[in-house]
Each structure stands twice: as C-alpha cells, then as structure tokens.
Amino acid sequence: MKTFEFVRPADAAAAVGSAAKARTAQQGADVRFVAGGTTLLDLMKLNVETPDRLIDINRLLLDTVEATPDGGLKIGATVRNANLAQHATVQRDYAVLAQALLAGASAQLRNMATTAGNLLQRTRCMYFRDTAMPCNKREPGSGCPAITGSNRSLAILGTSDHCIATNPSDMCVAMAALEATIHVQGPNGARSITIADFHLLPGSTPDRETVLEPGDLITHVTLPPPRAGSRQVYLKLRDRASYEFALASAAVVISVSGGNVTHARIALGGVGTKPWRSPEAEGALVGQPADAAHFRSAAEAALRDAKPQTENAFKVELATRCLTHALHMAATS
C-alpha cells in the first residue's frame with residue numbers, strides 16, 4: 001500500500017478546503033474522503049486506489065436521518081447502512097430501500113458501510129481489481145479483456161467497447177427507483193444532482209464513473225415524499241444466499257388502482273454499468289392491468305437493448321424473470 005497523509009477536519013467546509021489545499025500544494029494530488037472505508041481500503045491494499053491524502057469525514061455530523069420540510073427524507077452521508085435499513089421511517093415509507101440495504105454485503109460490513117460510500121462503490125470486475133491485468137477503467141487506453149474473457153457477472157446494459165463492468169450497489173438501485181437527489185459541497189459551492197444523472201455510462205471514458213469533480217464531498221441524500229399507497233419490493237438473485245453481489249436485481253415502486261397500474265418506478269441491478277432505471281418498463285406498465293402478462297411485457301421492454309457477452313447471455317432471461325416476479329410480489333403485497 002502506498003504511503004498517504006491522513007487528516008481529520010472539523011466540518012464539511014474544512015474537508016473541502018483540505019482537499020483543495022492538497023491538490024494545489026501537491027500539483028493535482030489524488031485525494032479521497034473516507035468514512036467506513038469498506039471498499040476504499042480494500043482497493044488501496046490492492047494498489048488499485050493510491051490516494052496521496054485521506055480525509056476522514058466521520059466527525060462532520062453527517063450521520064442523521066430526518067424529515068425534510070416537504071415530507072421527504074434527508075439521509076446524511078455517513079449514515080451506516082445497518083442503521084438506515086432499520087430506521088422506522090425507511091422501513092415504513094421506503095421499504096424498497098430497507099430491503100435493498102439488508103440484501104447487501106454482510107452484517108459486519110453493513111455496520112461500517114455508509115450512504116455516500118455506497119453511492120461511490122466501485123465495480124467488482126476481476127480485471128479492474130488485478131493490477132497485473134489491463135483495464136480501461138483503471139488505466140485508460142489499456143484495453144478491456146473482460147469483453148472476451150471472464151464476464152459471467154458483468155453488465156449487459158449500458159456497456160461500451162471500452163468497458164462492461166457492472167455497478168455492484170444494491171442501495172443505488174433502490175434509490176434510483178425512489179428518485180433520490182444527491183447533495184454535494186465542493187470547491188465551487190453546493191449543488192444537487194439527481195441519481196439518474198449522478199452515475200455515468202462508460203462510453204469511451206470508463207475511468208470517470210460519476211459527475212463529481214475533484215474535491216466534491218457528498219453531504220447528504222434526499223428522498224421525495226413517499227407516494228401514498230405505493231407498493232415496494234427489492235428482489236435480488238445471486239449465486240448464494242448471503243454476502244454475494246447480484247446477478248440480477250429489481251427495485252419496484254408501483255401504485256395500483258382499480259386493477260390497473262397507475263404509477264411505476266423501476267430500476268435494475270446486477271445487469272447495468274450504472275444503477276439501471278427503466279423508463280421503458282415503466283411506460284409499458286402505467287395504465288395497464290396489473291397482471292402476469294403485462295408484468296412480463298414490461299420486463300421484456302426493460303431488457304430489449306441488452307447486449308450480452310460471451311458468458312452472460314443468461315442474464316437477459318434471468319433479469320426478465322426477476323423483474324416480472326418483483327412486480328407480481330409488489331402487486332400482491
């Protein structure tokens with residue numbers, strides 16, 4: 001592991017200032033904010049991440065969950081996944097988020113992992129994590145051996161000729177269905193970013209995964225007010241029952257009235273290069289009967305543009321069935 005500087009600022013402004021100072025003093029030094037560190041420290045041990053400065057944000061009082069004035073929810077950047085999953089308001093009004101968090105990692109990791117860290121969680125692609133192998137995400141221009149190599153667990157939606165790595169987060173899939181907003185404080189001030197715009201498709205620049213600029217600090221996430229009477233489900237399919245990443249997952253938030261779907265928000269995990277919101281599936285559902293045939297049609301619409309690789313064509317049908325069943329679970333809940 002590369003030697004690094006470790007600092008503990010007193011507040012968010014000091015944290016952003018520390019990042020800016022390091023980049024100025026060290027001519028573009030690589031700076032990372034750290035809280036739980038459950039992904040970052042692993043990658044540092046592998047020399048995939050080699051920051052010059054780590055800025056500890058655990059003392060910045062960003063660990064609260066509270067109502068917003070409009071009836072939504074504000075979630076601090078350093079709220080632990082375990083605490084968020086067990087929060088009474090989350091379980092009552094945002095059940096899809098609680099279910100997604102409890103489906104992720106292990107109990108020990110959930111006790112450490114944070115909201116902001118989960119938003120920035122990096123892929124588990126074996127080529128990305130092995131510095132002996134080329135990887136466009138880690139070293140732009142070096143190639144993507146996953147395309148013709150070991151790609152069973154990798155993406156079929158949002159891929160490019162440069163990268164097919166899957167976004168690994170469960171939490172982000174639920175937040176995509178809930179239409180979360182991410183709030184950032186940076187050198188140029190504060191701004192808000194919808195989760196739909198936060199993660200980037202790989203395109204020709206897979207090394208850039210989010211719209212964050214150097215020195216940007218996620219301070220909190222907000223969720224809109226819960227939709228009255230909505231039915232929510234997170235369904236995750238994986239090789240084993242625990243401590244495993246999704247081969248396919250679905251986050252569903254729907255409303256049903258008079259036997260018809262009146263509102264739908266759908267996102268997929270395990271199959272996309274980013275948390276995959278599907279307006280195609282939503283459009284195929286709204287105004288239609290809440291029945292098996294229309295659930296299947298919506299799921300097929302979500303996977304219509306899938307581009308499977310040499311080992312993961314099974315994900316097309318797996319994800320279709322996952323979403324179909326999640327919709328059935330939500331409609332009959």
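User: Is T131 buried, partly exposed or exposed?

Analyst: This is a predicted model, in which local features need pLDDT of at least 70, side-chain atom pairs count only at pLDDT 80 or more, and totals for chains, interfaces and linings use all residues. Residues are numbered from 1 along each chain as its sequence is written, and side-chain values use heavy atoms, with hydrogens and water left out. Buried means under 20% relative accessible area and exposed over 50%, with partly exposed in between (1.4 Å probe, protein chains only). Because its relative accessible area is 41%, T131 is partly exposed.

User: Where is T131 found, and which residues is T131 in contact with, leaving aside its neighbours within four places in sequence?

Analyst: T131 belongs to the loop between α7 (115–119) and α8 (171–177); helices are DSSP runs (H or I, at least four residues) numbered from the N terminus. Its C-alpha atom is separated by 6.6 Å from that of V48, 83 residues apart along the chain. Contact means heavy atoms within 4.5 Å, and the partners of T131 are L46, N47, V48 and R138.

User: Why is helix α5 largely enclosed by the rest of the structure?

Analyst: Helix α5 covers residues 95–103. The buried residues in α5 are A95, V96, L97, A98, A100, L101 and A103. The helix is therefore largely enclosed, the buried count being seven of the nine residues.

User: Which residues does L97 touch, not counting residues up to four places away in sequence?

Analyst: L97 is one of the residues that touch the most other members of the largest nonpolar core, which has 51 residues. Such a core is a set of buried Ala, Val, Leu, Ile, Met, Phe, Trp, Tyr and Cys residues joined through side-chain atoms within 4.5 Å. L97 touches I75, L84, V90, M171, A174, M175, L178 and L223.

Conventions:
Helices (H or I, at least four residues) and strands (E, at least two) are DSSP runs, numbered from the N terminus.
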